[in-house]
Structure formats: structure tokens, C-alpha cells
Amino acid sequence: MAVSHEIKSQLAKLLATEDLVVEHKKVETACFNVHTRVLTLPMWEQASGQVYDMLVGHEVGHALYTPDTDWFRSRNIPPQFVNVVEDVRIEKLMKRRYLGISKTFYRGYQELAKEDFFQIANENLNMMNLADKANLYFKIGNFVDIDFSSQENVLIDKIANTETFDDVLDIAEELYNFCKMQQEMKTKTDDLQVQGGQGGDDDQSEIEQIQETSADHAVNDLPQQESDDFQSEESEDSESHDGTENDEPEVSTMNSLDEALKNLARTDGIENVYVEIPKVNLKKIIVPNSEVHSRFEEWDDWMTENEVVEEEVFGRIDKQFFNFKKSAQKEVNYLVKEFECRKSADSYARATTARTGVLDCTKLHTYNYNEDLFKKVTTLADGKNHGLVFVLDWSGSMADVLVDTMKQLFNLMWFCKKVSIPFEVYAFTNEYPLITYNKDGSKQFRDLPYKKREGLFYIAEWFSMMNIFTSKTKIKELEKQMKNFFRLASSYSNYGMLNIPTGLSLSGTPLNEAMLALHQILPQFKQENKLQKVQCVVMSDGEASFLKYHREIQRHWESEPFIGTGSIGPNAFLRDQKTGNTYSLNCEWYELTDILLHNLRDKFNDVNFIGIRVLEPRDANSFIRRYYGWSDEYEKIQKIWKKEKAFAIRKSGYHTYFGLSGNALSSNSEFDVDEGATKSKIKSAFVKSLKSKKMNKKVLGEFIELIA
């Protein structure tokens, strides 16, 4: 079965219990950069799950316990010998920290031993140097037979008992010197064998003595004088090798393992790309509320010259707004009632009763049969402070449903005002002017809202979040602002002849950019209002455009590379270093928003994300099918849609994703009949009104359940 590399990345992060950066790259060997805390793992395509987990656990051990020191500056030890001892130490510490990982190491090394990853099938293990024997003993010692002399056992025990990296360096130096002595002894033996016969019985006797000593692996048992002889005869040994120095001892089993592991890794094909979310400067993204509404001053000048517009066009739109406001009070009051009821029920459920320590005089006469004579007090757990952030789609496809979407938004804003819940409403757009003017008349050009670097999502300069409404505005001013936007929304759906204030034209759909901006907007909103619970409501009618990312580009005719942009492909992953989570971006273009929402939910687990999707009747079935396929659940939701023209999806990136019929929202839900209407017309109007109210209350009730 294919290994899921990013699941293994999660394993590494969980084991490390720190903010590691884990990357799967097309490299041959794993490595950990102790400076940058980047753990690079090969794509071990041919490895089994057990071997993969063992290798990940081993590399995490280095990440946790191998210090960032330049030890080689003060120690003259070949790195292989340090690695042999350090591997033992870090695996021991990993087993001590995670008891269950012992089985992972056992099974992983069992598989490596079975597949002869150490290339020892035809080798006499007891004739290897001690470093090789130690490497095998501590990795696959359960599956091979290795003998040690008494002197070797002393070093093996020291290796097993290392606790600090300084211990590792000390023992590694001893191990290296021991193996070097073994190498010198072997060289001496070989030299005497080459000279065999020339020295007679004395030479043969010396060869047998050295071979016997080598076979017993008791180099350190040699008399001190004999050891000195080896040192004093070093020049003679060199001459016997044509003037070359003795070969340095190596750890051949470690070389063999490294080469075998390289064969497990995939190094061809397209390299993985890891993309991160830029930390945006909100001052460069958010258009302040006052600036947005200053744009409507253009209308004042326009109406001065066109009185007919104010009287006939705006007059009719304003009448619709005030009629809607009047009728909406029923929905708003319903929301308030539901909210208060749910808050009270929640408080009651969390109520506790405690004794005060004060006698209740009304119970004194019951002292013979009642032990509880103290007054009690009921304590309610503190309720949470709520706040709402609304994100409104200001794209061209919203034109026909913008008025109805505004009505839903206004209902929720009036509700927030009544129950004193702070809120902010942002409309995302890519049409707001790139040039603004300072108070002194100088031009201000907008640039990227972050410092670009390779591997960041790309957010264009022309992306903006217009702060169209805020709870900080006084009631009268807020009503004026709402009326202006109601006029604007109406002009898109019914009165296309109206001039649009500069910057407020409908645009593309930078919804995904808005999701990225929420990483800064939500915590700032929560902090400024001292909130404990935040709800984020996204109101849209469609999918967002796919995002690009920054990458380094080198043109052959230029000497220096530059940071450009590239398209995100199936080999890309979203990486969030704050949560440690990684998300595959191998998705359809319309699925990216859900991935970004899952990332937001993981990062802000105290925020409810609610989607409100305004649908044309023809689009509902395909929208439901996107999340449920041709399942029984699809049939169930489809029936709800046909009956109520509304439904809730709980399998998307949102906690709840409401689907609402644009036609149903725009229909007149008021019980309004002409004077002198017949009984049948009155009945029909009444039934129609009740049906619409039922749909509204069901959706609004579910909404309140989420935020209460």
C-alpha cells in the first residue's frame, strides 16, 4: 500500500512535540537541520509502513536530542563513529519517551535484517571491527548472533549507557581508537603473512600469536610494552605498505545501510512544493469604514444635478428598505428570543449549588432528621462574550441576489445590536482603487500586504476587505450606511442606470484571499473586543478563484533569480507551522476554499465558521452532490430542499453550510393583500406568508444554536 507522506509528517510532528518543519523531498537520505528545525524526509516509496515509521522515529530522535554544536572543531573523530554511538543514544531516549515506539523499532529493524540492508549475508560478523559489530548489535542484534570479548563488552556497555552528547563524543573517541588499534593489528598480521617463511619459526610464531589475539578481540589485553612496540614500529609498518599510511577504520555496515535506504527513496518526478500563509499587514488590506462610506458623497453631488433620481429611484428603494426594516423586526425578535432562551438553558445546565456556611433558620426545627441546615446559593457559570465577523461576497455573480443577501445580513446585524454583540462586516473585492490620496493631496500607491518570499501564497495588491459595517457605528449613522448599501445593491439588480461610487463596483471572487486574511482579522477582532467566542459568517453565491504561490524563477538571460508566481499543482501542500498541520492541495479548483477553512478551524478552534450560500434552484442538486455524492444523505437533503427551499450541510469546511434559495428569499413573505380581496386570496396570502416564515425560522434557529 502506498505510504501517505504527509501522514508521516504528522507522525514526526507528534513525536517531536514541537513546531518542526517537515518536508518530503526527492532526496536520497533523511537529514535534520538543527539550525532551521527543518526535518527533510526522503519519499521512501518502496518502504513498508513499519520501516517508514521506524525511520521517521529515528530522525525525530535526532531532532529532539542531537544538539546544534560544532563538535568536530574540538574532537578529531570520524563522523561515522559518532553516528554509531549517537544512534544508540537517541533511539534509547525515544523508547524511553514513547513506550509504544519500541515495537516500531523492533519490527522495522527486523524487516531490514530480513532484507539484508546491512549487506552481511556472507560475512563473518565476529571478524568485523567493533564499530560495525556495535552498529549491528544495537540495530538488529535481536536477529543476528554476535560475540564480544571482555574488553569489547566494556565499550558496548558504555555505548548502551550514554545519556548526554558529551558522553557520546567520549565513547565515540574510545571506539575509534579501539578500532584503529584493531586495524593496526590486522595490518601487522597481514604484513607478517606476506613475509611468511622468510623469518623462519620466529615469524610464524608471531603470526600465530597476533591471530590468536585478534580472534579473541582483546587488543587492550596486550602488554603495555607490546602496545608501545606497535607505536615505535609505525615507520616500519608504513614502509611495508609502499610508503603509504595505514587505512583508517570504517563502519562498513553503516555505509551499506545508507546505500540500501537510498534505493527505497524516489528521486525522480516532480518535487513537492510546500506553501505557507503570509502574515498580511491589515492596514494594507482593510479599507476603513469611514473611507468606504465617504465614497457615497459622489451620490450627493450626482443627486444635486439629478433630482429625479433622488425622488423617483432612490425614493422607491428607500421605501422598500424601511418596509423591510419594519417587517424584519419579527425575525429579529425571534432571533433574540431564541438566543436568550438558549443562553438561559445553557446557564441552567452549568448551574451549581453550594453551601454558604450560614444556618438556615427556617430549617432548624428539622434538626432531628435533616443534616442539611445551611443556606445554599446557586452559582451560574460565567457566560461567554460573543462577537461576529461577517464576510460578504462582492463579486459580479452576486448582482441578482445581492439585495436578498443584504436582507439576511441586516437581520443578523439588527440582532447583534439588540443583544449587544460586537460585529464587523467585510466585503471582499479586487476592484478597490490601488491609488489613494493622503490629506496633503499626495498619492499613496498600494503594494503587497506582506513581504514576499518563496513558498508563500500570493495575494495581489488589488485585493481589499472593505469594512462596510461595524457595531462601533452609532445607530443613526449605521442606518444611513445600511440604506446606502441597500440602494447600491438594488441598483445592481433593478436599476442599472445608477452611477456606482468609485471602488464599489462588483468584482471577481477573491474569497480564498479573504480566508487568508482571516488569520489576522479574527485574532485582532477578538483581542480588541475582549471576546471569548467568535463566529465567522461567510455569505457567498459561488466558488473562489484558485490561488498562486511565490516561487523563485531563474531566466537564462538574467544573472540573478527573482521571486515570481507559479500555479499550484497536485504536488503542493499547505503547511501551517503554527498548528503543525499539512494539507494536500491535490484538489479540484473549487475545493481549495474548504481546505483553507479546515486550516482556519484547526488554528482557531474557538471560532465557529458558518457559510450561507445563496442558490439558484438549478444549482442546488449539484451543490449537494458535491459533498454527499449519490448517497442516501443526498436524497434526504434534496427532499428537504424541495420542501423548505433551504438545507444545512455539515461535511464542508464550514461547521455548518446553509443553502438558501435566492427565489425564496426574494419572494414577498409579508401577509399583504389588497383592500377588498376575496377570502380565497386572503387565505392564499396567509399560507404563503406562514410557509416563508417557517423556512426563515428553521434556518435562523439553527444559526442561533451555533452561536449561543
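Which residue forms a salt bridge with arginine 89, and how far apart are the closest N and O atoms?

1. The partner of arginine 89 is glutamate 86, and the closest N and O atoms of this salt bridge are 2.8 Å apart. The model is a predicted one, and the values in this note should be read accordingly. Both residues belong to helix 3, where three residues, about one turn of the helix, separate them. Arginine 89 and glutamate 86 are each buried.

2. The count of salt bridges in the model comes to 22. Another of them joins the side chains of arginine 75 and glutamate 173, with an N to O distance of 3.2 Å. Because arginine 75 sits in the loop between helix 2 (49–65) and helix 3 (79–97), while glutamate 173 sits in helix 7 (residues 165–194), this pair ties together parts that are 98 residues apart in sequence.

3. The two ends of that pair may also be described by their accessibility. Arginine 75 has a relative accessible area of 21% and is therefore partly exposed. Glutamate 173 is likewise partly exposed, its relative accessible area being 31%. The pair belongs to a network of salt bridges that links Arg75, Asp170 and Glu173.

4. A further salt bridge is formed by glutamate 291 and arginine 295, whose closest N and O atoms are 4.0 Å apart. Arginine 295, by contrast, is buried because its relative accessible area is 17%, and buried means under 20%.

5. Asparagine 289 is placed in helix 13 (residues 289–294). With a relative accessibility of 11%, asparagine 289 counts as buried, since the limit for that class is under 20%. The side chain of asparagine 289 reaches the backbone oxygen of isoleucine 468 at 3.1 Å. Leaving aside residues up to four places away in sequence, asparagine 289 touches Asn467, Ile468, Phe469, Thr470, Thr473 and Gln481.

6. The last point concerns the surface. A nonpolar patch is formed there by Leu434, Ile435, Phe445 and Trp462, which together have about 370 Å² of accessible area. One of its members, leucine 434, is found in the loop between strand 9 (423–429) and strand 10 (435–437). Leucine 434 counts as partly exposed because its relative accessibility is 34%.

Notes:
Residues are numbered from 1 along each chain as its sequence is written. This is a predicted model: local features need pLDDT of at least 70, side-chain atom pairs count only at pLDDT 80 or more; totals for chains, interfaces and linings use all residues. Side-chain values use heavy atoms; hydrogens and water are left out. Helices (H or I, at least four residues) and strands (E, at least two) are DSSP runs, numbered from the N terminus. Buried means under 20% relative accessible area, exposed over 50%, partly exposed in between (1.4 Å probe, protein chains only). A polar contact is a pair of N or O atoms within 3.5 Å; within protein, one must be able to donate a hydrogen and the other to accept it, and residues adjacent in sequence count only if both atoms are side-chain atoms. Contact means heavy atoms within 4.5 Å. Patches are made of residues with over 30% relative accessible area and no salt bridge: like charges are joined within 9 Å, nonpolar side chains (Val, Leu, Ile, Met, Phe, Trp, Tyr) within 5 Å. Accessible areas come from the Shrake-Rupley method with a 1.4 Å probe; for residues, only the protein chains shown count as cover.
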